[in-house]
Amino acid sequence: MKNLPKWIDLVLIPAINLFLAFMISGLVVVYIGENPFRAMQIIINGSLGSAYGLGYTLYYATNFIFTGLAVAVAFHARMFNIGGEGQAMIGGLGTALVCLFIDWPHWTIALPFAIMSAALFGAAWSAIPAYLQARRGSHIVITTIMFNFIAYSMMVYLLVHVLKPKGQMAPESAKFVAGSNLPSAHDIFGWFGMAFPKSPPLNVTFLLAMLACFLIWLFIWRTRMGYAIRAFGWSETAAVYAGISPFKIIMVTMLVSGGLAGMMSINSVMGEAERLLIDSVQGAGFVGIAAALMGRSHPLGVFLAAVLFGVLYQGGAELEFEMPAVSREMIVVIQALVILFTGALENLVRVPIGRIFMKLNAKQN
Amino acid sequence: MDYLTIIQILDSMLRLSAPLIFACLAGLFSERSGIFDIGLEGKMLASAFFSAAVAAATGSVWLGLMAGLTASMILAAIHGFASITFQGNQLISGVAINFLASGMTALIGQNWFRLGGRTPSLSGDGRFLPIEFPFAESIGKIPFLGPIYSELLSGHTILVYVALLTVPLTWWLLFKTRFGLRLRAVGENPEAVDTGGVSVSFLRYRAVLICGLLCGLGGAYLATGMAAGFIRDMTAGKGFIALAALIFAKWRPAYALYACLLFGFLEAIAIRYQNITIEGVGTIPVQFMQALPYILTIVILAGLVGKAIPPKAGGEPYVKER
């Protein structure tokens with residue numbers, strides 16, 4: 001069963017899992033009393049049918065690419081970083097500090113510093129759970145969950161008591177300096193004389209996310225460190241025997257993971273809101289788990305899964321508009337089912353498929 | 001701070017601790033049998049919704065409780081199915097269950113009641129009402145000891161007392177019965193239990209279902225005892241605080257009670273005082289109080305104060321005859 005051909009492992013099984021998740025979601029829609037095929041049509045039209053919809057879809061996808069890569073990198077070392085939410089929140093703080101207090105002349109200069117700061121803050125937030133896992137053996141899942149809550153309380157405190165400008169009611173920071181505003185898709189298309197609607201928040205960070213996918217692929221599959229991470233993930237004892245230090249692997253993996261989650265804020269905080277809000281992450285850290293599971297922890301897979309979730313998020317907003325009976329939470333249900341089928345119930349599909357494949361193979365021989 | 005204020009804070013501590021105690025003991029059963037459960041939150045939420053929804057529809061809180069318990073146990077069964085029968089990742093299954101509950105309760109709530117995910121307000125027989133102890137009023141007049149009886153102990157809903165009774169019951173079940181011995185063994189060394197001719201799967205399924213039952217009680221208490229109806233995501237992290245309490249208690253029932261009372265106390269203080277000013281020290285913001293259970297748990301996990309060692313086989317699916 002271990003020698004399943006790659007296409008079954010990477011394409012067929014995820015496709016069946018996804019189909020099961022969608023089928024059950026469809027039944028939920030039927031229960032609510034709406035037509036699931038029409039719902040699907042609205043989702044696809046609303047998210048991919050226009051430049052406007054696509055702009056939102058890819059904006060969401062950008063968030064999910066970063067958080068998805070964050071979870072995926074940790075998966076390679078067989079660690080489950082459930083703290084993307086908190087790391088992205090603290091990354092947002094890093095972005096905000098850079099964009100609030102330095103008067104940047106141009107975004108091209110602001111961006112590298114913002115990226116560094118966001119990644120640094122995100123990585124710092126994952127450093128303590130990583131250290132506790134590496135040195136004390138405290139379960140990374142538990143500690144990162146706790147750090148999500150601590151991050152949230154800290155952000156509320158900072159926004160209410162420290163970063164909120166005087167005389168303002170809403171707990172959010174001041175608007176960032178103008179020189180830090182990233183060009184939106186509207187601006188970028190404009191440079192080439194092409195039209196793109198003004199309202200979608202899609203911005204230059206999307207290109208950055210694609211670059212991140214490529215760099216993470218290089219890191220995991222083309223560097224010595226990446227090899228060590230994968231070796232550690234396959235077998236800790238073998239890795240230790242080969243002279244790989246578990247402490248180093250856990251720290252490096254989690255810092256990269258936290259850094260990636262933190263960089264999500266370049267898109268949502270610097271690119272879209274242009275100020276720091278209390279909940280700048282909005283669950284994207286958790287969507288990253290679904291994206292990493294569906295994408296089989298491969299950057300290309302994560303990219304595709306992130307776009308799929310972008311479609312669901314944007315399409316879901318349209319769906320609520322067109323079918324008031326199906327509220328936005330439908331997306332959360334679909335997300336839960338995707339995580340359940342591609343993650344926890346993986347063997348439900350894998351074992352029978354493997355058996356069928358073995359039988360077919362035996363016949364051929 | 002006068003005496004009556006202290007009594008009142010302790011009274012609200014009891015109220016706020018009850019759902020934590022249920023969820024914490026729920027996690028204790030599951031994790032002692034070797035099944036990690038980060039889906040306590042989702043199971044409580046599902047129970048909170050269905051108990052309030054059915055209580056609102058039928059006017060009977062007991063029917064509501066049954067519905068809540070059923071919903072929670074169905075989610076528990078899914079978790080068991082994924083992590084015992086299909087040997088899946090227990091943590092991922094827990095995450096999925098939390099999302100499933102959060103999405104489904106809001107979706108179905110909107111579909112049934114069209115109140116933005118809320119259920120109608122419960123009243124009368126639709127919710128658990130406070131039980132006044134006999135002679136509470138007259139005993140309350142006795143100075144000092146009286147208010148402890150009349151204010152602190154009396155006047156809670158039945159589920160608070162059930163929560164407190166569940167603690168010794170759990171201790172007895174886990175440490176004084178054959179079932180408990182086997183359950184603890186299966187969380188430490190499932191091979192040994194299997195070799196002894198006892199089914200690992202059956203034991204773990206029972207533990208997971210008990211976990212569902214207790215989460216269900218906690219959720220039903222939130223929606224029909226503490227509050228009068230369900231609001232969206234009303235568990236608000238209580239399942240995770242319970243998980244923190246479980247680690248804090250090092251997976252032991254009596255300590256679980258103390259940890260839950262401590263975290264309930266912190267919540268009671270945070271609700272009553274918002275920002276606390278201590279002279280010479282400064283102001284402690286309410287957000288710090290809210291984060292304190294998590295910070296304390298990290299401190300415990302860091303091994304600065306004692307060491308929390310989870311059941312040995314926790315999180316590992318049991319594969320027979322490898």
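Trainee: Two residues are in contact if their C-beta atoms, placed from the backbone, lie within 7 Å. Of the contacts in chain B with a separation of 6 or more, what percentage is between residues 24 or more positions apart?

Mentor: 75% of them. Bear in mind that this is a predicted model: local features need pLDDT of at least 70, side-chain atom pairs count only at pLDDT 80 or more, and totals for chains, interfaces and linings use all residues. Residues are numbered from 1 along each chain as its sequence is written, while chains are lettered from A and ligands numbered from 1 in the order in which they are written.

Trainee: And what is the percentage for chain A?

Mentor: In chain A, 76% of contacts between residues at least 6 apart in sequence join residues at least 24 apart.

Trainee: What are the model's scores?

Mentor: ipTM is 0.88 and pTM is 0.91.

Trainee: Where in chain B is confidence lowest?

Mentor: In strand β1(B), residues 276-278, with a mean of 74. Helix α7(B), residues 158-176, is the highest at 95. Where pLDDT is low, the predicted coordinates should not be read in detail.

Trainee: Switching to the folds. How many helices and strands are there in chain A?

Mentor: Chain A has 15 helices and 0 strands. Chain B has 13 helices and 2 strands. Both are DSSP runs numbered from the N terminus: helices are H or I with at least four residues, strands E with at least two.

Trainee: What is the radius of gyration of chain A?

Mentor: 21 Å, which agrees with the value near 21 Å for a compact globule of 365 residues. The radius is taken over C-alpha atoms, and the globule rule is 2.2 Å times the number of residues to the power 0.38. Chain B, with 322 residues, has 20 Å, again in agreement with a rule value near 20 Å. Along the principal axes, the C-alpha trace spans about 75 × 55 × 40 Å in chain A and about 65 × 50 × 40 Å in chain B.

Trainee: What percentage of chain A is buried?

Mentor: 52% of its 365 residues. For chain B, buried residues make up 53%. A residue is buried if 20 or more other C-beta atoms lie within 10 Å of its own, exposed if 12 or fewer, and partly exposed in between; C-beta atoms are placed from the backbone.

Trainee: How many residues of α2(B) are buried?

Mentor: 17 of 19, so α2(B) is largely enclosed by the rest of the structure. B:Gly59 follows the helix, with a positive phi near 80°.

Trainee: Which residue has a positive phi although it is not a glycine?

Mentor: B:Lys250, at about 55°. B:Lys250 sits in the loop between α11(B) and α12(B). It is partly exposed, because 15 other C-beta atoms lie within 10 Å. A:Glu274 is another, with phi near 60°. That one is in the loop between α11(A) and α12(A).

Trainee: Now the interface. How many residues does the contact take from each chain?

Mentor: 35 from chain A and 36 from chain B. On the chain A side, α6(A) gives the most, with 11 residues. By class, that side has 24 nonpolar, 8 polar and 3 charged residues. Nonpolar covers Ala, Val, Leu, Ile, Met, Phe, Trp, Tyr, Cys and Pro; charged covers Asp, Glu, Lys and Arg; the others, Gly among them, are polar.

Trainee: Which residues touch the most other members of the largest nonpolar core?

Mentor: A:Ile65, A:Leu69, A:Phe309, A:Ile339, B:Phe22, B:Cys24 and B:Ala245, out of 217 residues. Such a core is a set of buried Ala, Val, Leu, Ile, Met, Phe, Trp, Tyr and Cys residues joined through C-beta atoms within 7 Å. Helix α3(A), residues 51-76, gives the most to this core, with 16 residues.

Trainee: What is A:Ile339 in contact with?

Mentor: Leaving aside neighbours within four places in sequence, A:Ile339 is in contact with A:Ile289, A:Ala290, A:Leu293, B:Ile92, B:Val95, B:Ala96 and B:Phe99.

Conventions
pLDDT = per-residue confidence, 0-100.
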